[in-house]
Amino acid sequence: MGDHWLRLLPKMPHFFHGLDIFPSLLHGDLWSGNAAQTAGGDPVVFDPAAVYGHHEFDLAISTMFGSLGRPFYTAYHQLIPKADGFDTRQKLYQLVSLHCFFSQ
């Protein structure tokens, strides 16, 4: 896997060209298994691995093992529209997450 990372590394800036990224406080492990709702219907998330980073990272993780549901993503992107290259960066962030997962 190391050779693949070495080939990817010089290409990394391309994925973020023209983006203004402002670090956000992320859940860090946001997926359907770490989200639920109270008896009153209020959403809750748990089991965080809190980190500051690009907001798109949490969205990438959230689609790896199930989904938080179309209404979640629709509402999210009404507040924060997808930037150019979003779909490609989702794959990149998923790759990084899988690398960390399988490296343990």
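The largest share of the lining of the second largest pocket comes from α5, which gives 5 residues. A pocket here is an open set of points, on a 1 Å grid over the protein atoms alone, with protein on both sides within 12 Å along at least five of seven lines, and lining residues have an atom within 4 Å of a point. Helices (H or I, at least four residues) and strands (E, at least two) are DSSP runs, numbered from the N terminus. The model is predicted: local features need pLDDT of at least 70, side-chain atom pairs count only at pLDDT 80 or more, and totals for chains, interfaces and linings use all residues. Residues are numbered from 1 along each chain as its sequence is written, and side-chain values use heavy atoms, with hydrogens and water left out.

The second largest pocket holds about 200 Å³ of space, a volume being the space filled by probe spheres set on the points, with grid points joined across faces, edges and corners. It is lined by 13 residues, and G28, D29, I61, S97 and F101 are the closest to its centre. Elements that give two or more residues to this lining are α3 and α5. By type, the lining of the second largest pocket divides into 10 nonpolar, 2 polar and 1 charged; Ala, Val, Leu, Ile, Met, Phe, Trp, Tyr, Cys and Pro count as nonpolar, Asp, Glu, Lys and Arg as charged, and the others, Gly among them, as polar.

F101 belongs to helix α5, residues 86-102. F101 is also part of a nonpolar surface patch with F65, L98 and F102, and together they have about 440 Å² of accessible area.

The largest pocket has about 270 Å³ of space. Its lining has 14 residues, with L30, A35, V45, L68 and F72 nearest the centre. Two or more lining residues come from each of β2 (35-37), β3 (43-45), α3 (55-62) and α4 (70-79). The lining of the largest pocket comprises 11 nonpolar residues, 2 polar and 1 charged.

S32 sits in the loop between β1 (24-26) and β2. Its C-alpha atom is 6.2 Å from that of G66, although the two residues are 34 apart along the chain.

As a whole, the protein has 5 helices and 4 strands, in the order α-α-β-β-β-β-α-α-α along the sequence. Its C-alpha trace spans about 50 × 35 × 20 Å along the principal axes.

Definitions and conventions:
Patches are made of residues with over 30% relative accessible area and no salt bridge: like charges are joined within 9 Å, nonpolar side chains (Val, Leu, Ile, Met, Phe, Trp, Tyr) within 5 Å. Accessible areas come from the Shrake-Rupley method with a 1.4 Å probe; for residues, only the protein chains shown count as cover. A salt bridge is a side-chain nitrogen of Lys or Arg within 4 Å of a carboxyl oxygen of Asp or Glu. On a 1 Å grid over the protein atoms alone, a cavity is a set of points where a 1.4 Å probe fits but cannot get out, and a pocket is an open set with protein on both sides within 12 Å along at least five of seven lines; lining residues have an atom within 4 Å of a point.
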